[in-house]
Amino acid sequence: MPKRAKPRPTRDLRRFSSWSVDQVFLRRDGARLQANVWYVSSENEVRNERFFVPQIDPVLAVEWLGDAVAAKGKIGSAWDVRLRWATDQEFFTQLSDDQTLEDVFIDAFEAALEDVRAQSR
């Protein structure tokens with residue numbers, strides 16, 4: 001009988017202070033936006049988290065998302081984030097970068113992160 005592989009222990013994001021936001025994928029979902037946020041650690045571990053943003057306006061939605069990600073207090077940086085729109089098409093998914101919304105996300109994230117750090121002092 002073959003040996004079963006041991007399950008890898010999962011590591012909570014809080015155990016590492018060196019997680020950063022790598023990519024954000026936005027998709028319209030009815031009257032709101034769905035966002036898949038990908039994090040990467042200094043040890044090259046990758047995690048993702050899904051958010052259902054209660055805004056339809058892209059700028060307000062990305063500001064809300066930046067606040068929500070930073071408020072968790074687990075992520076230390078978003079400077080290299082790549083924000084992309086996912087557009088469903090019949091046979092494949094097309095992705096397009098949005099550098100304006102990347103700047104909005106970074107500004108909202110950094111402002112919220114400063115608040116989190118100030119509260120923890």
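Is Asp-103 buried, partly exposed or exposed, and at what relative accessibility? The legends below get there by way of the fold and the charge patch.

**View 1. The fold of the protein chain, 2 helices and 5 strands.** This is a predicted model, where local features need pLDDT of at least 70 and side-chain atom pairs count only at pLDDT 80 or more, while totals for chains, interfaces and linings use all residues. Residues are numbered from 1 along each chain as its sequence is written, and side-chain values use heavy atoms, with hydrogens and water left out. Going along the sequence, you get β-β-β-α-β-β-α; helices (H or I, at least four residues) and strands (E, at least two) are DSSP runs numbered from the N terminus.

View 2. Out of 121 residues, 36% count as buried (under 20% relative accessible area). Of the contacts (heavy atoms within 4.5 Å) between residues at least 6 apart in sequence, 52% join residues at least 24 apart.

**View 3. A patch of negative charge on the surface.** Asp-57, Glu-63, Asp-67, Asp-103, Asp-107 and Asp-115 gather here. Asp and Glu count as negative, each charge being placed at CG of Asp or CD of Glu. Helices α1 (58-71) and α2 (99-120) each supply at least two of the patch residues, and α2 gives the largest share, 3 residues.

**View 4. Asp-103 in helix α2.** Asp-103 counts as partly exposed because its relative accessibility is 47%, and partly exposed lies between the buried limit and the exposed one (over 50%).

How values were computed
Buried < 20%, exposed > 50% of the residue type's maximum accessible area, 1.4 Å probe, protein only. Patch = residues over 30% accessible without salt bridge, like charges linked within 9 Å, V, L, I, M, F, W, Y side chains within 5 Å. Areas by Shrake-Rupley, 256 points an atom, 1.4 Å probe, with all protein chains shown as cover. Salt bridge = Lys/Arg side-chain N within 4 Å of Asp/Glu carboxyl O.
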